[in-house]
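Dear colleague,

Please find below the structure that I was asked to pass on to you. My notes on it follow.

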Amino acid sequence: MKSLKSPSGKPRGRPRSFDREAVLERAMRLFWLRGYESTSMAELLKVMQVTTPSVYSAFGDKEHLFLDAVAHYIDGPARYQAEALKEKTARAAVERILDQAVDSIADVSTPPGCMLALSVINCSAASESVQKIVTEARQEAERALCRRIGQGIAEGDVPARTDAAALAGFFATVLYGLSIKAKEGISAQEARAVVDTAMRAWPVDTHSL
């Protein structure tokens with residue numbers, strides 16, 4: 001994601017001794033599962049299967065590595081959200097996002113929930129800069145959803161009096177709430193019931209009834 005930049009602005013080396021994307025994928029999954037502060041560099045090195053000098057040369061310190069992992073997550077596992085916004089109607093876009101969130105909960109090959117919602121949830125003040133960047137990433141996703149709902153209002157598939165920001169906020173809350181429930185072990189069937197209930201809150205043009 002373009003907005004995720006190294007806080008120091010320093011260039012990083014790109015060693016040729018390993019597949020950077022594959023190594024970053026492993027780091028992303030550990031951060032996603034354990035969270036930023038709960039993940040140690042020793043654990044990261046073990047999972048990434050690279051040496052300390054190689055990691056620092058390729059990514060910088062733990063904070064820079066985490067931000068690269070978040071960008072990798074947005075461009076990878078979370079890309080479905082941006083793709084869903086291309087649906088023909090705003091409702092279809094929202095429903096697709098929530099449907100794929102349920103599919104993710106059912107997928108035992110990935111960590112539960114959303115990395116953006118869970119990875120910095122219990123961080124201390126020492127990680128404030130990281131928290132701010134991840135929060136901004138979540139807020140940008142919500143703004144994108146708000147814009148899509150606004151487009152739906154303009155195109156007539158969402159009632160004209162709909163508060164786009166409030167509706168986007170509601171469904172973002174449902175989405176991130178599902179992440180918390182996923183961490184607690186909610187089943188796909190239970191998650192589907194939550195999504196079905198949430199979709200009943202979609203605004204209806206009463207004047208056309």
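The buried residues of helix H6 are Ala90, Ala93, Val94, Ile97, Leu98, Ala101, Val102 and Ile105; buried means under 20% relative accessible area, exposed over 50%, and partly exposed in between, with a 1.4 Å probe and protein chains only. Helices are DSSP runs (H or I, at least four residues), as strands are (E, at least two), numbered from the N terminus. An α-helix has 3.6 residues a turn, so residues three or four places apart point the same way. The cover over the buried residues of H6 includes helix H5 (79-84), helix H8 (128-155), helix H9 (164-183) and helix H10 (188-199), where contact means heavy atoms within 4.5 Å.

This is a predicted model, in which local features need pLDDT of at least 70 and side-chain atom pairs count only at pLDDT 80 or more, while totals for chains, interfaces and linings use all residues. Residues are numbered from 1 along each chain as its sequence is written, and side-chain values use heavy atoms, with hydrogens and water left out.

H6 has 17 residues (90-106), which should span 24 Å at 1.5 Å a residue, and its end C-alpha atoms are 25 Å apart, which agrees. The expected span is 1.5 Å times one less than the number of residues.

For H10, the 12 residues should span 16 Å, and the end C-alpha atoms are 16 Å apart, in agreement. Ala191, Val195, Ala198 and Met199 are buried in H10. They cover an arc of only 95° around the axis, which puts them on the same side of H10; the arc is that of the directions from the helix axis to the C-beta atoms. H6 and H9 are included in what covers the buried residues of H10.

Gly35 lies in the loop between helix H1 (20-34) and helix H2 (41-48). Is Gly35 buried or exposed? Gly35 is buried, because its relative accessible area is 8%. Not counting residues up to four places away in sequence, Gly35 touches Leu30 and Ser119. The C-alpha atoms of Gly35 and Asn122 are separated by 8.2 Å, although these residues are 87 residues apart along the chain.

A colleague
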